[in-house]
Every structure is written in structure tokens, then in C-alpha cells.
Amino acid sequence: MAELMAILLFASICVALMAGYPVAFTLGGVSLLFAGIGIATGSFDPGYLSALPNRLFGIMNNQTMLAVPLFVFMGVMLERSRVAEDLLESMSRLFGTLRGGLAISVCVVGALLAASTGIVGATVVTMGLLALPTMLRRGYDPAISTGTLAATGTLGQIIPPSIVLVLLGDVMSSAYQQAQLKMGIFSPKTVSVGDLFVGALLPGLLLVGLYIVYIIAVAILQPKKLPALPKEELGDVEWGKLLKALVPPLVLIGAVLGSILAGYATPTEAAALGAVGAMLLALFKGKLNFGQLRDVAYGTTEISAMVFMILIGASLFSLVFRGFGGEALIEDVFAQLPGGVLGAFFLVMLVIFLLGFILDFIEITFVVVPIVGPVLLAMGLDPVWLGVMIALNLQTSFLTPPFGFALFYLRGVTPPSIPTSTIYKGVVPFILIQLLLLVIAYIFPGLITWLPEQVYGS
């Protein structure tokens, strides 16, 4: 009876979310409903609910989660400081005379925005508004143009500092400790957000490189789809303006990531440094005033409140799911899968990929990963490798039709003359590139684990 209730609980939450009910209240409300039914039928121990206050107090005292509003503040401030507009204009002058130069510029600027803002929706919309009209006006193929914009907009999922990696780092740390305790290790090691930041750096840069290689290949094989722009139309490269647009974001990115890599700051401290740096950059560009600061504060509060309300609802779901014996059920299913740990890993990755069609990364991180993470880690998988692989998988699902969130963001700023099918067609090559990266990272796990070992010596 209890195991059946665990399955029905998970299924009911997925159905309610697909129906459009608010995520945080769906997680908490459906979980409480099932807990009440379980108490009435004798299949649920109400003692599990007594752990909820401690869980909520732990969330409020979690220093790692403090990085979320700080990174959000940094991203929103940079978004409203016209950093993207200045970068794109300068990069277009630099690369525009090459075939596919505008698309390459979009990739470079998208990577820089990913490393500075980390907010996928904002990046996709901003780049779509700025770059898409220019690309279409210059004769670029609509499918490749929209595909490039959607793909580069999702780089904020994997290139640190990423909010996805902050949330995953906290969840993976808890899952890793649970896994070690189950294995009889009573002085468990930990995995930090900094570990995931460092582990994701090389895969993120490789992904940008693969995007650019694809664009160059199309420009060579099908030059009409990605024409070069005449130099007289673009004008000469204004190196002073280019440096003025490029250096401040690079300095900010270097300060945030460099302080983490060098061990001078925790991710939370580095996030505070980034928030202050974003304000200074806005001041430098003449974009900082009381109204701007108020709007950024409101935007940060809205996003942060959403994240923490979902976390509270997910904590309640986790307790009720565990009370129904859901974790034991997952362990039994994984143990009976053919292929052992590899079979379990591929099943989890497939489930996360499919759930990415209907759920945001926050729900998947807080609902699914705490359930499957301890089981996979107890099977011997490296926590940093597993965390980065999940992040890459979530990024891929963000792009995949018909429900990829990045596609919805881009559709909102795309002219009606471009059908949705064109956007879907354009993202297919980039989805294949991301799947290729997942295969490469699976075959060569050192792509993820080597740099953390060098930086932290673990």
C-alpha cells in the first residue's frame, strides 16, 4: 500500500504541474493531501512531518543558498545595463565580414552573458531582441539564426557561475553524504558548489567551441545561409569601443570565478563580489540610479522568492515520499535493472531529459535529484561528474521540442513570419551537439573531474 502511494504521489504531482498549477503550492499541497490519506489509512507515519520545521530552518541557515539571490541580482543588474547590446555591436564589427560572423558573434556574446548573468530566459530574450532582426535583415537562414540564439541562450545552465549549478551543488552535497552514510562511512566527504563550478568549466567551453565549429562548417558548405557582410557597411573595428565593451564583463567574470578557483572565496562570497561588481559596472556605464536599483531589487526578490518557495514545497514532498518508502522503492528498481549502475544511470538521465519537457530545472533539481542522487552515488558514481552530467542533460532538455523552455522564450520575440517549426528545425543540430558532448563526457569523465582534481587536489 505504501509503495503504491509513493508512485501515485509522484504521478499526481506531475499531472498537477502539467495542468499549470503553481509549482511550490502543488508540491506542498499534494504532498500534504497524500500524507493525510496515508495517516487515515495507516500507511504513513505522521512523525515524518515533525522533521519539516528543522528542514525549513536548515534552508534559512544554508549559506550556500544565499548565493542564489546574489547571483540573480548580478544577472538582472547586468541585463539592464545594456552589456549585451554593446558586446554584440562590437563583436559584429569584429567577425561580421566573415561568413557566419554574426552567428559566431552571438555564440561569443552568449557565452560571456552566460558567465556573467546565468539567467537563461533573460539571455534568450535579450539576444533574440538584439540579434535576430539584424541576422534576418542580412540574409541569414531563419532556422540557423533562431537555433543559434536558443542554443547560446541556454549556456547559462552550464557555464559557471550558474544558478543551476548552485542549486545542484547543494542538493548533490546532501545526496553524497546520505550515500556515504548508507555505505557505512560515518565521516562523509562533501562536494561543494565550487567543485561543480570547476567541473563544468571545460565542458561549457567545449560546448561553445562545438557550436562555433558547426557554424563554420555550415558557412563553408552552405555559404548562402550565412553570408558575410560587406566591410563598408560595418565600418572599421573600433578597438577602443570593443575593449570598453569587453573588458569590464571579463574583469567581473574573472573576479568571480578567479576568487573561487584560487580558493580566496566561497561561491556565496564570490556571488556577493559579483553583485557589487555588477553595480560598479552599471555605474561605469551610467546606468545606475535609484529607479534602476529598485527595479533590479524587485526582480531579484521575485525570482529568489520563487526558488525558495519551490524548495520549501520540495522539502515537504521529499519527507512524504520517504515516509511512503519511496526511496527504498527506487533502490529496488535500480538494483533490478539490467546493466547495474550503468543501466540505472542511463534510466535516470532519460527520465530527467523527459521531465525537462514539462518541468523547470528548479523542480527537477529539488524533486528528482534528491530521490535518485543518493542511490546512484551509493553505487559508486563520482558526485562532481554526476552533477555536471545532470546539468548538461537539463540544458539539452531546455532546447528540445516541443516543450523546451528556451524555445518558448525565443518564440515570444520572434516575428510572426517565422513559424514555430522553423525554430524547432534550427535547434536540432545544437541538440545533437549537446548529446555528443554528453557522450564525450561519459566516455572521458576526466573532462569533468580533471580540473577539480588539479584545483582542489582531491
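In the predicted model, L9 touches V30, S31, F34, F317, V320, F321 and F324, when residues up to four places away in sequence are not counted. L9 also belongs to the largest nonpolar core, which holds 155 residues, and it is listed together with F71, L167 and F366 as the residues that touch the most other members. Among the contributing elements, helix α10 gives the most to this core, with 13 residues.

A search of the whole structure for aromatic pairs returns 11 of them. In one of these, the ring centres of Y211 and F430 lie 5.1 Å apart and the planes stand at 85°, so the pair is classed as edge-to-face. This pair links distant parts of the chain, since Y211 lies in helix α10 (residues 193–221) and F430 in helix α20 (residues 420–443), 219 residues apart. Y211 has a relative accessible area of 0% and is therefore buried; F430, also with a relative accessible area of 0%, is buried as well. Elsewhere in the aromatic search, ring pairs link F345, F346, W385 and Y442 into a cluster.

Helix α15, which spans residues 326–336, has G326, E327, L329, I330 and F334 as its buried residues. Because these residues cover an arc of only 160° around the axis, they are placed on the same side of α15. On the other side of this helix, A335 and Q336 are exposed. As background to such a pattern, an α-helix has 3.6 residues a turn, so residues three or four places apart point the same way.

Technical notes. Residues numbered from 1 in each chain as written. Predicted model: local features only at pLDDT ≥ 70, side-chain atom pairs only at ≥ 80, totals over all residues. Heavy atoms only, no water. Buried < 20%, exposed > 50% of the residue type's maximum accessible area, 1.4 Å probe, protein only. Helix = DSSP H or I, 4+ residues; strand = E, 2+ residues; numbered from the N terminus. Arc of directions from axis to C-beta. Phe/Tyr/Trp six-rings, centres within 6.5 Å; stacked < 30°, edge-to-face > 60°. Core = buried A, V, L, I, M, F, W, Y, C linked by side-chain atoms within 4.5 Å. Contact = heavy atoms within 4.5 Å.
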